[in-house]
Amino acid sequence: MLHFFVVAPPINLPQFIISIILFFVLFFGIGFVLNMILKTTWLPLLIYLGVVVYVFMRIQSPLFVDITILCAGLIGTAGSGWMIKYLREKGYGMF
């Protein structure tokens, strides 16, 4: 059973907001570079989903903060896939 609101050390609001932005930008960049190198569109998303599933299996009770930050990374990885797909449709051959 997942407990979303477990008592844990508090996280500051600025730290939480910066973490969300950081994970989004970090995984957007990693996904974008992997898409350019491997010439696959959705492989980084599948890899990230595998990592997230592994993390949730290791954590006894994930917090709302953990879920939110990991979802920001998921959105960034999916965004990189959509961006590569869009750039390919517009005719950029290097992608």
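The structure is a predicted model in which local features require pLDDT of at least 70 and side-chain atom pairs count only at pLDDT 80 or more, whereas totals for chains, interfaces and linings use all residues. Residues are numbered from 1 along each chain as its sequence is written, and side-chain values use heavy atoms, with hydrogens and water left out.

The protein chain contains three helices and zero strands; helices (H or I, at least four residues) and strands (E, at least two) are DSSP runs numbered from the N terminus. The order of elements from the N terminus is α-α-α. Of the 95 residues in the protein chain, 28% are buried, where buried denotes under 20% relative accessible area, exposed over 50%, and partly exposed the range in between (1.4 Å probe, protein chains only). The accessible surface of the protein chain amounts to about 6700 Å², and carbon and sulfur atoms account for 76% of that surface. Accessible areas were computed by the Shrake-Rupley method with a 1.4 Å probe, and for residues only the protein chains shown count as cover. Among contacts (heavy atoms within 4.5 Å) between residues at least 6 apart in sequence, 81% join residues at least 24 apart.

Helix 1 comprises 26 residues and reaches 37 Å from its first C-alpha to its last, close to the 38 Å expected at 1.5 Å a residue. The expected span is defined as 1.5 Å times one less than the number of residues in the helix. Buried positions in helix 1 are F16, S19, F27, G31, F32 and N35, and these buried residues pack against helix 2 and helix 3. An α-helix has 3.6 residues a turn, so residues three or four places apart point the same way. S19 of helix 1 is classed as buried because its relative accessibility is 18%. A polar atom of the S19 side chain lies 2.7 Å from the backbone oxygen of Q15. L26, also located in helix 1, has a relative accessible area of 42% and is therefore partly exposed. The C-alpha atoms of L26 and T77 are 8.8 Å apart in space, although the two residues are 51 apart in sequence.

Residues with positive phi follow both helix 1 and helix 3: K39 comes after helix 1, with phi near 55°, and G91 comes after helix 3, with phi near 100°. Most residues other than glycine have a negative phi. The positive phi of K39 occurs in a residue other than glycine.

K39 belongs to the loop between helix 1 and helix 2, and its relative accessible area of 49% makes it partly exposed. T40 is found in the loop between helix 1 and helix 2 and is also partly exposed, because its relative accessibility is 27%. With residues up to four places away in sequence excluded, T40 touches N35 and R88. A separation of 8.7 Å is found between the C-alpha atoms of T40 and G81, which are 41 residues apart along the chain. T41 has its place in the loop between helix 1 and helix 2 and is buried, because its relative accessible area is 19%. Under the exclusion of residues up to four places away in sequence, T41 touches N35, G81, K85 and R88. The side chains of T41 and R88 are joined by a polar contact of 2.5 Å. A polar contact is a pair of N or O atoms within 3.5 Å; within protein, one must be able to donate a hydrogen and the other to accept it, and residues adjacent in sequence count only if both atoms are side-chain atoms.

A nonpolar patch on the surface is formed by V33, I37, L38, L43, L46, I47, L49 and V51, with about 690 Å² of accessible area together. Patches consist of residues with over 30% relative accessible area and no salt bridge, with like charges joined within 9 Å and nonpolar side chains (Val, Leu, Ile, Met, Phe, Trp, Tyr) within 5 Å; a salt bridge is a side-chain nitrogen of Lys or Arg within 4 Å of a carboxyl oxygen of Asp or Glu. Helix 1 (13-38) and helix 2 (43-58) each supply at least two residues of the nonpolar patch, and the largest share, five residues, comes from helix 2. L46 lies in helix 2 and counts as exposed because its relative accessibility is 56%.
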